[in-house]
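This report goes through one protein chain, from its overall make-up to single side chains. The sequence and the structure come first.

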Amino acid sequence: TQQDQSVSCSSLVEPPEDWTTSPQFCHAGTRTGPYNAGGAHPHKVLGLCTELPSARLSVRWQFVHLEKQLTQVYNSPAHFCYSAVRVGLVYDSVDHPRMIKRRCASVLLVSALSPAVVKAWMHWADVRVNASVWELMGVRLDGLVPAAILPLLLTMVFYLGPLVHSAIDNPEGFTGELQSALDVQSWRLCVGDAVWLRNQVVAPVTEELVFRGAMLPMLVSCTGPTAAIFIAPLFFGVAHFHHIIEQRRLHKDSLSVIFLVSVIQFLYTTVFGAFTAFIFMRTGPVLCHSFCNSQGLPDISSALQHPQRSALLFSYLMGVLLFLVLLFPLTDPFLYDSIPICSLAVPAASVC
């Protein structure tokens, strides 16, 4: 923000009355894509609060409503109702800070029951492993440093295109993007914002605890690790269909539009859930979730309309190719010590 102006991160909820001319726009707490076709878009590294050129605001606000639905990205059948309640508590249609804080407190309480659920399952299924419940759920110190750094680097490689796109549209280039990411004032502004805390802290932590930490141990012992990676995300995606009921209740869109958005969200969250399940199985705790939340879906359509289209498309392509090349080397379990959840698979599968 400018020194003589103060912008709340929560201003994303409703556009200001003068949003067509306002020189600032705070998008922290969203997982946005560069929707400003052919022009500058928000500097969204790590979802920080930054300026948006006023000439682009009219374009930007056309997508705010759709983005809020698409960017709410987040384990056995018996666990599904519990997980659905957790998702519904975190992402409510009401974005008032007081309501967000109340629901975040509720979801933290619900998620705190996950270890008890896993413990009860282990007792009921007579599961005996040389690891604690917390270790099976990915909460461990062994291998924590590489698990925090290497998967994040891998994820940033995948988002090479959007990151280059953001830097090109920043008048100060890559230097400006780096300064934006390291700006202390932006961090202070966002840390004090309920929406940002919900989307970048509470949601990633509780989602990983419930959908990966609590669900995958149950599935791995029954289906094996490879099948679990593809089964768990289905529950993760279906749990988001409650947005259909919410949107119908609020009468914001037609049923066809709401259903289309929900299907797209289901596909995106399912793919995302498969990736995070894969990371969890091979590295342990998934700490790159917040970065994914801050970036959202790569916006290829905007890159196609950009004046520097060739350079952007090349960066998008290189990001995907490098991601595929580095996927297994950077997630090699050898780098992360032992992975306790793999002890549940009999016999141990190659994915571990």
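The sections below cover the fold, the nonpolar cores, charged side chains, aromatic rings and some individual residues.

## Basis of the model

The structure is a predicted model, in which local features need pLDDT of at least 70 and side-chain atom pairs count only at pLDDT 80 or more, while totals for chains, interfaces and linings use all residues. Residues are numbered from 1 along each chain as its sequence is written, and side-chain values use heavy atoms, with hydrogens and water left out.

## Overall make-up

The chain has 17 helices and 0 strands. Both are DSSP runs numbered from the N terminus: helices are H or I with at least four residues, strands are E with at least two. Of the 352 residues in the chain, 53% are buried. Buried stands for under 20% relative accessible area, exposed for over 50%, and partly exposed for values in between (1.4 Å probe, protein chains only).

The accessible surface of the chain is about 16,000 Å², and carbon and sulfur atoms account for 67% of this surface. Accessible areas come from the Shrake-Rupley method with a 1.4 Å probe; for residues, only the protein chains shown count as cover.

## Nonpolar cores

A nonpolar core is a set of buried Ala, Val, Leu, Ile, Met, Phe, Trp, Tyr and Cys residues joined through side-chain atoms within 4.5 Å. The largest one has 37 residues, and Val 118, Leu 216 and Ile 341 have the most contacts inside it. Two or more residues of this core come from each of helices H5 (114-125), H6 (133-136), H7 (144-158), H11 (194-223), H12 (225-238) and H14 (255-283). H11 gives the largest share, 7 residues.

Contact is counted for heavy atoms within 4.5 Å. Leaving out residues up to four places away in sequence, Ile 341 touches Leu 136, Leu 216, Pro 217, Val 220, Phe 280 and Met 281. A second, separate core has 10 residues, among them Val 210, Phe 272, Phe 291 and Cys 292.

## Charged side chains

Side chains of opposite charge can pair when their charged atoms come close. A salt bridge is counted when a side-chain nitrogen of Lys or Arg is within 4 Å of a carboxyl oxygen of Asp or Glu. The structure holds 2 salt bridges. One joins Arg 212 and Glu 208 at 2.9 Å, N to O. These two residues lie in helix H11, 4 residues apart, about one turn of the helix. Arg 212 is buried, with 2% relative accessible area, and Glu 208 is buried at 8%. The charged end of Arg 212 also sits over the ring of Phe 236, 4.7 Å from its centre; the rule asks for NZ of Lys or CZ of Arg within 6 Å of the ring centre and within 35 degrees of the ring normal.

Another salt bridge links Arg 128 and Asp 126 at 3.1 Å, N to O. Arg 128 is exposed at 73% relative accessibility, and Asp 126 is partly exposed at 49%. Asp 126 lies in the loop between H5 and H6. Its phi is near 55°, a positive value in a residue other than glycine.

## Aromatic rings

Rings of Phe, Tyr and Trp (its six-membered ring) pair if their centres lie within 6.5 Å; planes under 30 degrees apart count as stacked, over 60 as edge-to-face and the rest as tilted. The count comes to 8 aromatic pairs. One of them, Phe 278 with Phe 328, is edge-to-face, at 5.5 Å centre to centre and 80° between the planes. Phe 278 belongs to helix H14 and Phe 328 to the segment after helix H17 (309-326), so this pair ties together parts 50 residues apart in sequence. Phe 278 is buried at 11% relative accessible area, whereas Phe 328 is partly exposed at 47%.

Phe 158, Tyr 159, Phe 275, Phe 291 and Phe 323 form one aromatic cluster.

Met 218 is in helix H11 and is buried at 6% relative accessibility. Met 218 and Leu 344 are 126 residues apart in sequence, with 8.8 Å from C-alpha to C-alpha.

Leu 144, in helix H7, is partly exposed at 31% relative accessible area. Leu 144 and Tyr 336 are 192 residues apart in sequence and 7.5 Å apart in space, C-alpha to C-alpha. Leaving aside neighbours within four places in sequence, Leu 144 is in contact with Pro 285 and Leu 287.
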